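Please keep the structure open beside you as you read.

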Amino acid sequence: GKDEFKRKSATVCGFPISIFFIVVNEFCERFSYYGMKAVLVLYFKYFLNWEDDFAITIYHTFVALCYLTPILGAIIADSWLGKFKTIIYLSIVYAVGQVVMAVSAIHDITDTNKDGVPDSMTFHVALSMVGLILIALGTGGIKPCVAAFGGDQFDEDQEKQRGTFFSIFYLSINAGSLLSTIITPILRAQKCGIHSKQQCYPLAFGVPAALMVVALIVFIVGSGMYTKVPPAGNILVKVCKCVGFAVSNRFKHRSSTFPKRAHWMDWAEEKYDKLLIAQVKMVLKVLFLYLPLPMFWTLFDQKNIPGSRWTLQATTMNGPHLSHSLSSHQTVNPILILVLVPIMDSIVYPLISKCKLNFTPLRRMTVGMFFAAVAFVAAALVQLQIDNTLPKFSSSTESQAKFINMVDGTLHITAGPEKFTLDPFTATQDYLTFDEPFEMSVNASRPESITLPHGNRTTLVIAREGFQLGYRIFQDFNTKPDQGYNTSLFLTGSCFGRISFTIENLLGNQCSFSRKLGFGSSFTYFIPSTFCDQHIREVEDIKPNSIHMAWQIPQYFLMTTGEVVFSVTGLEFSYSQAPSNMKSVLQAGWLLTVAVGNIIVLIVAEAAQLPDKWAEYILFASLLVLVCIIFAVMAMFYTYTDPAKIEAQFLNMEPEDKEKKNMEKDKKGMADESGKSSDFSSDEEKTKQSKL
């Protein structure tokens, strides 16, 4: 039992002091993980120079690996080293991985010609991959152990305090996440280097590495106060063998002539003790409940992962620049969690209990899943509003700036960080100037008549944009065809927010101006031969999108409410229903549902491409409602157990069982001996008779 290895720790407000070391450790570790992850895609794109798709794929693979390795950590903890040593050793691996990542981002290591660009990119790629693998092993390996180790610090009669601990634990996760996603990008934006100053990825990775070292030190400092549950041998192998034997034994005795047993695991009684069988039953009951849960994480992962549906929805709305919007999307969730967790624990749950409602953990999780489904319905309603105002650009989903070159010569245009060359467009049949009204067909397959008005000289510019044949009527160009001026249509591509343009002609003369392009807007700029800011003519082709990003707040609120009700409860439920020797294994099983949810996002969700985005949201919401109903029905048949009491009963029964087994063996032995003696005596009689 736990009392055998419990060190009595001093308490504060009914909580063991040891848990404060665990909470601080978790805060520092999560700061380290989310801080590194916040700039990882940018590191891939701008330091390693990877393509967007490849960078996102490696990112998702790394995240999935971080949620698959908990199984390994759980096996090590429950079967071999114990939770405490597992956390220590894998935290060292984790810290080394973070340091390797920071070193891989130092461009000066291979920058022999001191031009600010690494000369051996293979070295940096190899080093960063080694770092990420070590981080995945470390963070994944300790993930199931830390939560379970925290739960171990409480006595069986401290159920309420243990529930509060899991809430505080979840708060520390999100506090670390919030601060790191704000601070790390700021660190990356700094300039550093020995020979040349570049964006400071070493600092952005170095600070998380330092926090991981702090996390390790804090955890070790509390060592003398911890309750340390010893490992129970190779428990996972025992469980697998026990299940395998029960299945094979049941198959051998499948005939109706054999009496049925209460549970199929009871067929393992011939070989395994009843305590192990009872523990396996408890684990299998919970794992069966976990089967529908990945669908929740599939929806949950749509909110702020780069390239996910909700972030893509944000790119079609009016608001901050995309780079800022992604940052704000990553911070809004932890902010809401920090607000909602105390509200749920201090106000909502107590009110529900006062209303005499039995709001069990599984009912909470069901409600959490329902909130997530409603969040996607809200996202669908927002998408319908976006679709009504979103312009149908052929090659961009943000804003467009088009330039028409009225100068007889090539121009160089700098738009934000990009540089372009705008060649003159030779006057051909695509350039028509008329003084009188006329009618013409722009597209033979779909004739359209354009009537030019009377009055001043009017110029019609026709140019191909993507696959669409576009045309625009412009008046009063202050130019004549016989002057030989040329026209061209220039599309900057995707631009959003305030952007500065610098135009330079062949003589080196420059003209600069700045414009704020509202989201979804399209502007055309005419560059005249006078070549000055005040003479550049601006035409607003499409007004900016009017749907603001703030309309996403309700769906984020609903999803985060669902997360708090579902995830915090799931953590506590996984611990409370697990046998003492399989706490980490069941925590790993819980985290495995997150990994499966990530895999569904990567594979299955991408296959469900519907023509309308709102329909995709409704599809996801419908699937989760269906899963929610299935889970609710499963929960109705679930019987809550107290693993400690069940284990205590079997431990008390074991001596009696052993005595019974020994008595049975003795009886059997005596029967065998008496059988042998009777056989012997009968043989003697036969011998005597034959002699007579």
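**Helices side by side**

H2 and H6 are roughly antiparallel to each other, a label used for angles over 145 degrees. Before going further, note that this is a predicted model, in which local features need pLDDT of at least 70 and side-chain atom pairs count only at pLDDT 80 or more, while totals for chains, interfaces and linings use all residues. Residues are numbered from 1 along each chain as its sequence is written, and side-chain values use heavy atoms, with hydrogens and water left out.

Helices here are DSSP runs of H or I with at least four residues, strands are E runs of at least two, and both are numbered from the N terminus. By that count, the chain has 19 helices and 15 strands.

Now back to our pair. Two packed helices are described by the angle between their axes and the distance between the axes. The axes are lines fitted to C-alpha atoms, for helices over the stretch in contact, with angles running from 0 to 180 degrees between N-to-C directions. For helix H2 (residues 40–47) and helix H6 (residues 121–152), the axes come within 12 Å and cross at roughly 165°. Their crossing is left-handed, meaning that the near helix is turned anticlockwise from the far one by less than a right angle (clockwise would be right-handed). On the H2 side, Leu40, Tyr43, Phe44 and Phe47 meet Met121, His124, Ser128, Met129 and Leu132 of H6; contact means heavy atoms within 4.5 Å. This contact of H2 with H6 has seven nonpolar, two polar and no charged residues. In this scheme Ala, Val, Leu, Ile, Met, Phe, Trp, Tyr, Cys and Pro are nonpolar, Asp, Glu, Lys and Arg are charged, and the others, Gly among them, are polar.

Next, turn to helix H8 (residues 201–221), which packs with helix H5 (residues 83–104) at an angle of about 165°, the axes being 8 Å apart. H5 and H8 are therefore roughly antiparallel, and their crossing is left-handed. The residues of this contact comprise 18 nonpolar, three polar and no charged.

H8 also has helix H7 (residues 159–189) as a partner: their axes come within 6 Å and cross at roughly 145°, this time in a right-handed crossing. Thr184, Leu187 and Arg188 of H7 make the contact with Tyr201, Leu203, Ala204 and Val207 of H8. Five of these residues are nonpolar, one is polar and one is charged.

The C-alpha atoms of Gly206 and Thr184 are 9.8 Å apart.

Finally, look inside. Buried residues make up 49% of the 692 residues in the chain. A nonpolar core is a set of buried Ala, Val, Leu, Ile, Met, Phe, Trp, Tyr and Cys residues joined through side-chain atoms within 4.5 Å. The largest one has 129 residues, and Leu40, Tyr43, Phe44, Phe62, Phe205, Met369 and Trp590 touch the most other members. A second, separate core of six residues includes Ala314, Met317, Ile547 and Met549.

Terms used
Parallel < 35°, antiparallel > 145°, perpendicular 65-115°, else oblique. Buried < 20%, exposed > 50% of the residue type's maximum accessible area, 1.4 Å probe, protein only.
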